[in-house]
Structure formats: C-alpha cells, structure tokens
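Keep the viewer open as you read.

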Amino acid sequence: MTGFNPPKQNQDLFVKVDESFNALQPKQIKQFFLEKINELKHAIASETFIQNPINQWGELVSLQVESLAKASYPIDTMPSLIKEAVIAISEHVQAPIAMTAQCVIGAISHIAQARVNAPNQFIPQGEPCSLYLLTEGQSGSRKSTSRNMADKAILEHERRQYEIYRHELEQWKTRYAGLNKKDREKYSTENPPPQDPSTLFSDITLESIAGQYIDRILNNASIASDEAGQFFGGYTMKGDTRNQAIGGYAKLFDDGFVERTRSKSNLNGSGRAYDVRLTFNLQGQREVLVDALKDPVLRGQGFLPRFILTVPENLAGTRLQDEAYRAKNADIDPRLIAYWTRCKHLLDECPKPLAAQNQNNGRYVMYMNDEAKKIDEDFYDLFESMQGAGQRYEYLQAFASRASQLARRLATVFAYFEGLPYIDAKIIKGACEIVQHSLNEWAAYADIEPKTESDAQRLIKWLIGKCVQQKTNRLAYSYVQTSCPRPMQKNSKLLVMIMEQLEDANYLKIEILNKKRLVILNPLLLGKETK
C-alpha cells in the first residue's frame with residue numbers, strides 16, 4: 001500500500017488508499033486485495049504468467065528418531081594379548097569381531113573372578129570383578145564355535161578335573177561298597193564323597209547354583225550359553241520365580257552373596273554363601289532376545305543394566321573360503337597359543353606370586369594408580385551428567401549409572417590377565433571405551449528405551465489433539481506450557497528446545513497477536529494423524 005506519495009517504480013504493484021480504508025472490515029479488506037490481485041493477473045499476458053503453488057509453511061520434516069550411528073567394537077583399546085586372540089578367533093571362525101571379543105572377555109572373567117576383586121572406594125576389600133555379557137547373533141553366526149575356541153583352555157582344565165573326580169568317586173564307591181551297613185554311615189560322614197568340580201554351565205537354575213554355593217561345592221562359576229532363550233525363557237525367569245531370581249543374580253553380581261530359604265521340613269537346603277562369584281556369557285538371536293530386552297522389569301530392577309551388550313554385524317554371505325583359508329590351523333596359530341598358554345597358567349592351582357598381597361578369601365584387590373583413578377572419576381562424571389533431562393542417556397539412567405562400575409571390573413579382568421600389578425591409564429581407558437560401546441548398543445537397540453516416541457512426536461500429537469478438540473488451529477503458549485505432556489510440562493528449557501525443533505520442521509509457528517503468544521499449527525496437520 002502507498003499513501004500520498006506514489007512509488008516511482010512498479011506502480012502497478014501498489015494500491016493507493018485513503019482514510020475510508022480504515023472503515024473496512026477484515027473480510028472486506030481481504031476481498032479488496034483479492035480483486036486487485038486478479039486485476040493484476042489479467043493484465044499480464046497468460047502465456048508469461050505461471051502460477052506456482054506456494055506453500056507458506058514449507059515441507060514437513062520427519063520427526064522419526066534416528067538410530068545412533070553404528071560403531072565398531074573398540075578392540076584396539078584391548079591389551080595386546082587379548083586383542084590378538086580376539087582377531088585370531090574371528091579369522092579362524094569367520095565370526096564378527098564383537099562376538100569373539102565378548103567370548104574372550106567371558107573366558108578371562110571366569111578365570112579372574114576366582115583370584116582378584118575390582119577396586120571400590122567405599123569397600124576396602126573391593127567388589128567382585130565378575131562380568132555379565134550379552135551378545136546378539138543370528139542363527140549360523142558361529143556363536144558356539146567362537147565361545148568354544150575362547151574357552152578352550154578352560155574346557156580342557158574342566159575335563160582334566162572331571163576325570164580326576166570320576167576316578168576318586170569310583171574309588172570312594174569301591175571302599176563304601178566293601179563296608180557293612182553298620183559302618184557305611186560313619187564312613188560317609190567322615191569321608192564324604194568327592195564333588196563334581198564343574199564350574200561352566202549352559203543351563204542351570206538359580207536354585208541349583210545357589211545350593212552348590214551354599215554347600216561349598218562351588219565358589220566360582222559361569223553360565224555360558226549360545227541359546228540365551230533357554231535362560232530368559234526358562235522356569236527361573238518366568239512367573240512367580242522371576243523377581244526372586246533377578247534379586248538373587250543382582251546380589252551375586254554386586255556382593256558375591258547368595259541366600260536360599262526353604263521350608264522347615266527341608267532346612268538342610270537353606271543357608272547363605274559369601275564371597276562366591278558368577279560370570280554370565282549369554283548369546284542369542286534377536287527373535288529370542290527382543291522380548292526379554294524390552295521387559296520393563298528386567299530393565300527397571302537393574303538386571304539388564306549389569307550386562308555389557310554388543311550387537312555384531314551379520315557376516316552371512318561374506319564368509320567365503322578360499323585355499324588360503326582352508327590351509328589355516330588354529331592349533332598352531334601363535335596368537336592363540338599365547339592366549340591359551342596364559343589361560344592355562346592362570347587356571348593352575350599353584351599359588352601365584354601376586355597372591356601374597358592382601359587377601360580376601362583367596363582374592364586380592366587390583367587397585368588403580370593415580371592416573372587411572374583420574375580417568376575413572378572423569379568417566380563417572382561424564383555419564384552422570386549425561387543422565388540429566390534432555391541428555392543422551394536420560395531414559396537409560398539405570399544403564400548409564402553403572403558405566404563406571406563396569407569399566408572398573410573390566411579393567412580389573414584385563415590387568416589380571418596381563419599380569420599387571422595394578423590398573424594403569426591404558427587399561428582403564430580401554431575398558432571405558434568398551435563400556436561406552438555397550439551403552440550405545442543399549443541405546444540403539446530396538447525399543448529398548450521406555451518411551452516409544454520422541455518428545456517432539458509426543459508434543460505434536462498432543463497439540464493436534466487439542467486443536468481438533470477445540471476446533472482451532474492455534475493454542476495459547478501459556479496453555480501449552482502448563483498442560484502439555486511431561487517431561488516438557490515441568491521443564492521450560494526442554495519445551496523451548498522441542499518447540500524450536502517443531503518450528504524448524506514446519507509443524508508449527510509461534511506468533512504474537514495482541515501481546516499474546518500463540519502456537520499456530522500447520523493446516524496440513526489438522527484432521528489427520530502425523531508420523
């Protein structure tokens with residue numbers, strides 16, 4: 001519009017008005033300008049006038065939460081002996097590096113838990129260094145082969161111990177059978193039969209393993225299986241026994257403590273066991289794991305947050321075998337020979353030189369040096385800050401809050417296996433990176449977070465619902481502040497951030513009319529659902 005002084009250029013694009021314009025109603029003003037626009041259109045030759053559709057709002061941008069970038073398993077941060085074993089097993093088995101890494105960590109955790117404790121600033125005798133490991137792997141991904149190669153020295157040790165046990169048991173039975181009935185009870189009391197020395201289990205209930213701990217048959221054990229469905233779908237983790245089992249496994253992890261209370265008619269089965277250890281090394285297919293890993297009870301009560309998780313890439317279709325591959329022999333690979341030799345040395349019952357340190361039921365604490373302590377403190381602070389509102393791990397607090405603990409345990413296992421007298425900076429850094437990888441895997445895992453949609457998606461759905469309900473395309477900003485879904489309702493900074501995201505994505509505009517702030521929705525959103 002122009003007043004008394006007409007423009008010098010493009011005069012046909014301006015309309016001159018006088019004081020009578022002030023008397024027009026809004027609809028009359030709109031009609032007035034529409035008529036002027038049509039006059040202008042007719043004045044332009046039709047062949048030169050192309051009316052392009054104009055979307056004043058712009059194209060809607062998807063609010064779908066993008067998956068976190070997939071990072072490779074940080075094997076370069078592992079100690080050299082362990083790293084070389086991981087790579088060698090991967091090459092011979094043709095399995096993903098992440099899978100073989102978890103298998104090796106499971107094996108050395110089984111060995112280390114019997115000898116050392118992880119440092120804990122609040123517990124002078126330290127805490128268990130036992131680890132809970134979980135690996136996803138499709139059928140045919142070489143889960144069993146990878147684990148068997150990583151556990152080879154342990155399996156051979158178990159077999160030798162079992163043969164000794166069988167021989168001693170046969171001798172005991174022979175002596176027992178040679179006695180008369182009167183002397184048998186006295187003999188069995190004074191000379192109890194030998195116990196099965198097995199410590200690796202693929203399918204055992206908490207009830208059974210607790211009984212062996214309490215009866216002092218076991219002090220250290222591992223549950224290692226490439227059929228995780230047997231564990232998560234078994235009797236122990238179903239129905240009424242599940243909550244008790246979760247609590248039992250949590251106490252074993254945290255304190256190395258187990259308790260079993262039975263009825264008065266079976267008091268012999270009751271009791272407690274202290275300073276016992278358990279390592280988990282579970283592998284399974286996504287179809288089997290997905291329901292368990294989405295279970296709010298397993299997450300909320302802290303069972304799953306104790307696990308180091310990895311979801312390896314699927315190598316199916318790439319595992320071709322040429323002549324060079326067929327010529328390989330794992331039994332003479334120097335990398336694996338060195339790894340298995342170290343495992344055998346640590347499994348030997350003979351006392352080790354470091355065993356002279358302060359003992360706690362046969363274990364000593366693997367302390368951190370000052371540099372490692374500083375790295376651990378920084379790692380703790382980092383993941384504590386990332387649990388705040390609007391931060392990366394806000395909805396994975398149970399997982400992120402254990403990051404430092406898991407890193408210290410993993411560092412303890414690494415340092416012991418490497419024969420180090422303490423945890424140094426390099427060892428703790430490597431452990432921290434693996435734990436961070438695990439947290440990223442938990443965050444990226446399908447539907448693992450309690451919320452199934454982003455805050456932006458929740459807010460825009462709420463805004464659409466309110467506008468449809470009130471038959472309008474706008475809401476007062478103050479109303480949105482006080483009534484929108486949580487956590488935006490209680491967090492003004494988060495609400496502003498989400499509003500800006502929606503505005504940038506062309507879902508809404510925030511305008512001021514008569515000194516009142518309004519949230520105006522894109523007309524395309526009203527009357528239909530948005531994704």
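About 29200 Å² of accessible surface belongs to this protein, and carbon and sulfur atoms account for 50% of that area. Keep in mind that the model is a predicted one. The chain has 531 residues, and 44% of them count as buried. Its secondary structure comes to 20 helices and 13 strands. As for how the chain meets itself, take the contacts with a separation of 6 or more: 72% of these join residues 24 or more positions apart.

Now let's zoom in on the surface. Which residues gather in a patch of negative charge there? They are Glu-500, Glu-503, Asp-504 and Glu-511. Helix H20, spanning residues 492-504, gives the most to this patch, with three residues. Glu-511, another member of the patch, lies in strand S12, which covers residues 508-513. Is Glu-511 buried, partly exposed or exposed? Its relative accessibility is 39%, so Glu-511 counts as partly exposed, because that class lies between the 20% and 50% limits.

For a contrasting place, turn to Ser-141. You will find Ser-141 in the loop that runs from strand S3 (132-136) to helix H4 (143-150). Ser-141 counts as buried because its relative accessibility is 10%, and the limit for buried is under 20%. What does Ser-141 touch, leaving aside residues up to four places away in sequence? Its contacts are Ala-95, Pro-96, Met-99 and Arg-319.

Conventions
Residues numbered from 1 in each chain as written. Predicted model: local features only at pLDDT ≥ 70, side-chain atom pairs only at ≥ 80, totals over all residues. Heavy atoms only, no water. Helix = DSSP H or I, 4+ residues; strand = E, 2+ residues; numbered from the N terminus. Buried < 20%, exposed > 50% of the residue type's maximum accessible area, 1.4 Å probe, protein only. Contact = heavy atoms within 4.5 Å. Patch = residues over 30% accessible without salt bridge, like charges linked within 9 Å, V, L, I, M, F, W, Y side chains within 5 Å. Areas by Shrake-Rupley, 256 points an atom, 1.4 Å probe, with all protein chains shown as cover. Salt bridge = Lys/Arg side-chain N within 4 Å of Asp/Glu carboxyl O. Lys, Arg positive; Asp, Glu negative; His and termini not counted. Charge placed at Lys NZ, Arg CZ, Asp CG, Glu CD.
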